[in-house]
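Student: Could you show me how to read the way helices pack against one another, starting from the picture itself?

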Amino acid sequence: MATSRDDFVIAFRSAFLKKKDKQKFSLLTLLFLSILVIILSNYNFKVIQLIKIGINEFTYRASFLISTPENKIQKINSQIKDHLKVYDNYKNLELELEKLKQKKLTNNFLKMENEKLRDLINESINSNEILARVLIDKESPFLRSIILNKGTKDKLKIGMAVVDEVHLVGKVIEVNFTNSRVLLLSDLNSKIPVVLEPIGMQAVVSGTGGTNGKIQYTKEEYSDDINNQEIIAYTSGLGGLFKPGLPVGKISRINPHEIVFFSDFKQLEYVKIISLNIEDNN
Amino acid sequence: MSSLNKNSLSNIIFSYFPIGMLFLSVFNDFDFNYLKIEYFSFNFAHILIFFWTLKNPDHLGYVSIFLAGIINDVIIGMPIGISSFCYLLICTATAYIRNITLSPNFINDWLSFLFIILLINSILVSILDLIFLIEIDYLKYLINTGFTFLLYPIFFFFFNFINQKISFRLND
């Protein structure tokens with residue numbers, strides 16, 4: 001009994017402390033070092049922050065370069081698929097264009113009316129847009145995020161909204177000098193205050209880690225109010241971070257508590273970062 | 001002369017294969033899910049580290065594994081140091097298995113691998129959820145662990161082939 005315990009101890013000590021010829025550090029040293037890194041990375045000391053930013057800058061750039069061949073292959077693959085579906089796409093787009101032309105007329109009227117109403121309450125919303133390129137969009141099953149090529153040098157700040165053309169895709173959660181990380185709407189940790197229109201109900205859109213999101217924290221049950229109409233979620237602007245009225249997604253017809261995002265997060269190449277400035281002129 | 005050069009070049013390629021693949025996998029963060037199958041994912045780095053630190057640790061240094069973990073955390077966006085810690089725990093387990101094993105057996109290795117990845121993923125999930133308060137999908141981690149375990153034999157035969165090439169060339 002004592003011998004087997006001794007064997008275990010010897011094997012365990014050997015595993016931890018013994019260095020092989022080509023190993024420069026023992027496992028125990030490196031394990032302690034990694035624990036130290038985990039602890040230190042949570043402190044906001046300036047030196048640690050600078051080291052973190054340095055590591056991020058280097059890693060993101062290197063990853064972008066190393067991923068280039070794989071990205072090229074994926075791009076060619078999607079181009080071939082697009083070519084094969086070109087006629088069907090053309091027919092669908094033609095129909096969609098007709099609908100959009102009709103909607104545009106109504107939208108122009110609503111936009112002017114909205115501006116007039118804001119003038120009446122002496123409030124103006126200014127927003128600046130920064131165009132950014134997606135450097136890394138690796139889809140990890142554990143965290144849905146993308147890396148952009150804009151950072152503090154372009155006056156980016158944590159919390160800014162990121163849109164793909166007009167649809168919201170996420171918010172900035174980490175800013176380095178030349179790049180930044182955006183948490184996508186589909187991530188489990190993403191929570192965005194929205195308003196469901198046309199029923200006018202406030203809610204929160206949460207990510208699920210999958211392709212769709214879910215509607216949470218509504219004041220009352222709204223399934224009965226839907227009545228086969230299309231419910232669209234827009235940012236409510238209640239958090240004070242996002243510009244109100246950015247389209248997020250539409251309620252799924254199968255499950256009224258599920259939201260289908262407008263943007264396809266796998267196809268992001270260029271995005272716009274929106275900074276919000278609400279002025280109350282009273 | 002040319003044949004000597006060719007030999008040394010292929011020797012270099014084979015000897016740096018484990019490190020090259022490890023860094024390529026963490027920088028690229030690939031999971032081979034090109035078919036975009038819902039829920040399908042597996043941890044290639046875990047398989048690679050387990051195999052090479054168990055069978056031929058001279059070709060995959062602990063410092064490289066530590067650095068690869070740091071890079072993986074930065075790319076995925078997890079708190080820095082967690083992946084390094086998990087990767088090094090795999091190394092500890094493989095070093096222990098190496099010390100207690102007299103005659104290596106594939107089934108034993110495979111079952112040990114399951115135990116180790118379940119353990120380190122549990123540690124990882126606990127740290128993320130309880131200490132860093134990051135919301136995570138437990139089911140996805142479980143499925144990831146399952147696929148990593150199931151796909152181990154395929155990579156085992158591939159890596160074993162490379163390992164034999166390396167050993168053969170070194171002894172040649």
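**Reading helix packing**

Tutor: This is a predicted model, and in it helix 3 (residues 46-66) of chain A and helix 2 of chain B pack with their axes 9 Å apart, at an angle of about 105°.

Student: How is helix 3 of chain A oriented relative to helix 2 of chain B?

Tutor: Angles from 65 to 115 degrees count as roughly perpendicular, so helix 3 of chain A is roughly perpendicular to helix 2 of chain B.

Student: Which residues in helix 3 of chain A and helix 2 of chain B meet?

Tutor: From helix 3 of chain A come A62(A), S63(A) and I66(A), and in helix 2 of chain B they meet L24(B), F27(B) and N28(B). By class, this contact has four nonpolar residues, two polar and no charged ones.

Student: At what angle does helix 2 of chain B pack with helix 3 of chain B?

Tutor: Helix 2 of chain B and helix 3 (residues 44-55) of chain B pack at about 160°, and their axes are 10 Å apart. Angles over 145 degrees count as roughly antiparallel, which means that helix 2 of chain B is roughly antiparallel to helix 3 of chain B. The crossing of these two helices is left-handed. Helix 2 of chain B contributes P18(B), M21(B), L22(B), S25(B) and V26(B) to the contact, while helix 3 of chain B contributes F44(B), A45(B), L48(B) and W52(B).

Student: How many residues does each chain give to the contact between the chains?

Tutor: Chain B gives 38 residues and chain A gives 40 residues. On the side of chain B that touches chain A, helix 5 of chain B gives the most, with ten residues.

Technical notes:
Residues are numbered from 1 along each chain as its sequence is written. Chains are lettered from A and ligands numbered from 1 in the order in which they are written. This is a predicted model: local features need pLDDT of at least 70, side-chain atom pairs count only at pLDDT 80 or more; totals for chains, interfaces and linings use all residues. Two residues are in contact if their C-beta atoms, placed from the backbone, lie within 7 Å. Helices (H or I, at least four residues) and strands (E, at least two) are DSSP runs, numbered from the N terminus. Axes are lines fitted to C-alpha atoms, for helices over the stretch in contact, and angles run from 0 to 180 degrees between N-to-C directions. Angles under 35 degrees count as roughly parallel, over 145 as roughly antiparallel, 65 to 115 as roughly perpendicular and the rest as oblique. A crossing is left-handed if the near helix is turned anticlockwise from the far one by less than a right angle, and right-handed if clockwise. Ala, Val, Leu, Ile, Met, Phe, Trp, Tyr, Cys and Pro count as nonpolar, Asp, Glu, Lys and Arg as charged, and the others, Gly among them, as polar.
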